[in-house]
Amino acid sequence: MTRLKPNLTEVTITVNGEVHQDLIPSDLLLVDYLRQYKALTGTKKGCGSAECGACTVILNGRAVYSCVMLAVQADGMSVETIEGVSDGDTLHPIQEAFLDAGAVQCGYCTPGFIMSTKALLEKNPEPEECEIKEALGGNLCRCTGYQQILDAVHLAVDRMKEEGQQA
Amino acid sequence: MKETRYIGKPARRVDGRAKVTGQAKFSDDVILPRTRYAKVLHSRYAHAKITKLDVSKAKELPGVAAVFTAKDIPNNDKYFRKGTMGDTWVLAEEYVRYIGDAVAFVVADDEETAEKALSLIEAEYEPLPPVVNLREAKKAELLARADREGNVSMPLEVSRGDVEADFAKADVILSDRYVFPSLSQLHLEPNSVTAVYEGGKLTVYCASQVWFHTREDIAAVVGLPEKDIILRPMTIGGAFGARNDQPLPIIASLLAVLTKSTVKMTNTRLEEFVAARPSLQMDIDITVAADKEGHLLSKKTWLLSSHGIHASDNDAVTAIACLRLDNNYKFNSVYVDGTGLYLNHTPTAAYRGFGNPQMHWAFESMLDELAEKLGMDPTEIRMLNYHEGGEVGIHGFIYNNCGIKECMRRAKEIVNWDEKKKHKVPGKGIGCASLIHCSGSRAGKPEFSGTSAWARLESSGAVTILAGECEMGQGIVNVCALIAGEELGVDPLSVKVIMGDTEMCPFSTGTNGSKLTSNLGNAVLFACRDLKKQLCDALREQCGYGPVEMRDGGIYYENNGEFVMSLEQAAYEACCKFSGRPFMGLGRFNPPSELGDRTGYGNLAPSYVFGVQMAEVTVHEDGSFTVDRMVSVHDIGRVIDIRNATGQVYGGVMQAFGAATTESLDLNKEGVYQANTILEYKAPTLLDMPHIDVGFVETHDQYGPYGAKAIAEPPIIAMAPAIGNAIYDAVGVRVHEAPITPQRLREAILEKKKRAAAGEEA
Ligand code: FES
Ligand code: FES
């Protein structure tokens, strides 16, 4: 990380597989870096204070709240956002499962839930129910009552197992 | 039931793909060039006199375009919709009257500068005692508003039948008091608006449940004719009634006009608590009269409800709380005295259920008390007093069908009620409650009932539905797509549904009162039939094919059923024959419903929905408890979209569970909400949620599309009292004020023990 002006920092962040070099304010939040600098508005800001999970992204394989992380903390790391989950044509099995289980209503929480689910399944392809609940316990949804989200995760697990696919 | 291809079958949502890929654009995702950012300076006091307001330093800050205080706002007191005008203001002038009251606006080049400017505004206040409690507000020793005589914002007194005579002949009379808190709808997406002003015209990107009302409100405040204002709906991250009446689209529009620029505003989560439109707290006294067999004879209700600092949808909410539930049981007579009160907190408004959850909390709890007194099973006393299809409720609801008894039977079966009642396990309890709501309601809007839609077929064969209503997550776009798919024989996922764009869509009164499945569903159905007829007529006559019909994505000869051509080809040929015009089917549905009279009597909706909700709980001596399971069975007519309907029930039940156990917007003495963050507010997470079983009783509604009725609001209505009743069943103790926190339950248990001990001593 090269320091330029006191408040501007050069960072190299891999976003959805592409390497980005940017000069950014050192107090810029990761969520704002993604939304404002990269126009990746799929990552949502529901509270800005680590209470809702709408801003969840995957940072070097771990689901994190991007609203309470500085973008400079991601320097040299790899960030995956909802925009990187499908290839623009074929959906990821988790996305398919969310559609088939009816896990999406208003959809505002959906990117966060999908990222949390993806991070979980990458590490643990066959999680127990309690492990799913724990992994998604930091994501708030006000519409679905969570049941169909839980169904979606189970569905994704089953389908990915059948297809021998990795998250 | 008629065999259908799409109706009632599991289907993906038409808007689903955009939502799972992050492509759906919500209001805060709007990024436009040359956008300025505006921020609001909110009052830190619930009630105070403004002694100093100096914005000069803020104005001087580089990057600040403008700072506004009350004197800079034309028509500062002409705020919001017609009915409430004069009761409200844009910026506080002499007094601030709630925490969150807007004192000044800052418009700056970027968000940070706007925030910095806020901190440079010098505001001083002389604090006044706030009114934060309903009973105190009623006494009116203190006033919430110096410009009002008392604290009453709305009185309502209704009497039907001979109440005193019925009380005189009652075998049992029971009285009790219940309190239900103010709640945050907590839609996950904070309000955000981008308003673009250019050359006398305004375009507003935002969320609203009532597009045309919002346009009207904006017009009144900014002083532009409605025809020069366009509202462009963004994807809406939940609403639940809260976006019936939101100040932000109006404020951002005003600032865009005043600064002749593009202005963006996004609420913080804190603003979503203090300056939003939460639900009404209600404090309810009920006295009920019954005969010894358990027939309900009469009921007297005194209700106080918190309207916050000014009128909003709260008048209508209080009215519905006062009346709606009475229609669910065969009363001879009822009396209600309802009072909406001014308090020093943000104005209250609709939340899913529209006043019904508050009254259900009170009366459905009371009904269990009555059943106990009469030695009856709680399900039995309800079954005895339910209406049947063909009857009329006491405030004028006409039931063309009513599946409530079947709901009760089904719910009992699911939880194995009779067995569980017979074999009681210490600490375990089971409870029920029932509910009534409207389907296709007039929803209090005076203009007209019903709604309209267009079904458009382009030369390419693309089908688009246009309606002026709102998709806020509830899935009405899918109901429209499924109906269009069914009627036109096309894949519902190929149907585009455009909702609420005020430039393109038909006028509507707004999306509330669980009215869309009935009303818009029909409008879409009729629009599609009209489209089909127009196209087939054109093919037969102008294009010379003779009698043809449209089905399965194609055109077929009527006489022998042979395939003529694809829909795409037909659309193209017919369009060419008519000089390129698209085929537009127009559908309108005018339901047989009426606004209530002055006493609230009237058939407010074409149809009514019913349901029974049950809960199972385990309660411990220390007051801690778990809800082990919830069951929600609904009569919603024919189910159109099974996945979404089920999802609506899960979501509504979850919100009721939150209200019953953890959520509340209690004020402290200074008028500060005890909860100002999501964590403090304690909305349920996945880790908190008990298992939910959903059941549908499919009646056939003569007015609904394919026989369908509504489902959006019902699931939230009666689960809280069901949980309260289950807790009573477990430990014989009732917490009268929701939420039932472990502390409150523990106190009630201790109180009961104390009374028992005192009783033994005596
Ligand atoms: S926006 Fe990050 S947790 Fe809510
Ligand atoms: S779908 Fe609306 S918040 Fe989850």
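**Exercise 1. Is B:Asp729 buried or exposed, and what is its relative accessible area?** Determine also which residue pairs with B:Asp729 in a salt bridge.

*Solution.* The model is predicted.

Step 1. The relative accessible area of B:Asp729 is 17%. Because buried means under 20%, B:Asp729 is classed as buried.

Step 2. The salt-bridge partner is B:Lys424, with the closest N and O atoms 3.0 Å apart.

Step 3. B:Lys424 has a relative accessible area of 41% and is partly exposed.

**Exercise 2. Where in chain A do A:Glu80 and A:Lys118 lie, and are they buried or exposed?**

*Solution.* 

Step 1. The side chains of A:Glu80 and A:Lys118 form a salt bridge, at 2.7 Å from N to O.

Step 2. A:Glu80 is in strand β6 (residues 78-80) of chain A and A:Lys118 is in helix α3 of chain A; the pair links distant parts of the chain, 38 residues apart.

Step 3. A:Glu80 and A:Lys118 are both buried.

**Exercise 3. Which side chain of opposite charge is nearest to B:Asp377, and how far away is it?**

*Solution.* 

Step 1. B:Asp377 occupies the loop between α10 (356-374) and α11 (378-385) of chain B.

Step 2. The nearest side chain of opposite charge is B:Lys412, 4.9 Å away. Because a salt bridge requires a distance within 4 Å, B:Lys412 does not qualify, and B:Asp377 is buried without a salt bridge.

Step 3. Apart from its neighbours within four places in sequence, B:Asp377 is in contact with B:Ala371, B:Trp417 and B:Lys421.

**Exercise 4. Describe the interface between chain A and chain B.**

*Solution.* 

Step 1. Contact involves 46 residues of chain A and 52 residues of chain B. The buried area is about 4,000 Å², of which carbon and sulfur atoms give 57%.

Step 2. Between the two chains there are 6 salt bridges, while the search over all chains finds 64. B:Asp29 forms a salt bridge with A:Lys44, the closest N and O atoms being 2.4 Å apart. A network of salt bridges links A:Arg35, A:Lys44, B:Asp28, B:Asp29 and B:Lys264.

Step 3. The count of residue pairs in polar contact between the chains is 26. On the side of chain A that touches chain B, the elements giving two or more residues are α2 (93-100), α3 (110-123), α4 (129-136) and α5 (147-163) of chain A. Of these, α2(A) gives the most, with 5 residues.

Step 4. By class, this side of chain A has 20 nonpolar, 15 polar and 11 charged residues.

**Exercise 5. How many residues of helix α9 (residues 314-323) of chain B are buried, and what covers them?**

*Solution.* 

Step 1. The helix is mostly covered, with 7 of its 10 residues buried.

Step 2. The buried residues of α9(B) are B:Asn314, B:Val317, B:Thr318, B:Ile320, B:Ala321, B:Cys322 and B:Leu323.

Step 3. The covering elements include β7 (152-160), β13 (282-290), β14 (296-308), β15 (333-342) and α10 of chain B.

Terms used. Residues are numbered from 1 along each chain as its sequence is written. Chains are lettered from A and ligands numbered from 1 in the order in which they are written. This is a predicted model: local features need pLDDT of at least 70, side-chain atom pairs count only at pLDDT 80 or more; totals for chains, interfaces and linings use all residues. Side-chain values use heavy atoms; hydrogens and water are left out. Helices (H or I, at least four residues) and strands (E, at least two) are DSSP runs, numbered from the N terminus. Buried means under 20% relative accessible area, exposed over 50%, partly exposed in between (1.4 Å probe, protein chains only). Lys and Arg count as positive and Asp and Glu as negative; His and the chain ends are not counted. Contact means heavy atoms within 4.5 Å. Buried area is the accessible area (1.4 Å probe) that two parts lose on being put together, summed over both. A polar contact is a pair of N or O atoms within 3.5 Å; within protein, one must be able to donate a hydrogen and the other to accept it, and residues adjacent in sequence count only if both atoms are side-chain atoms. Ala, Val, Leu, Ile, Met, Phe, Trp, Tyr, Cys and Pro count as nonpolar, Asp, Glu, Lys and Arg as charged, and the others, Gly among them, as polar.
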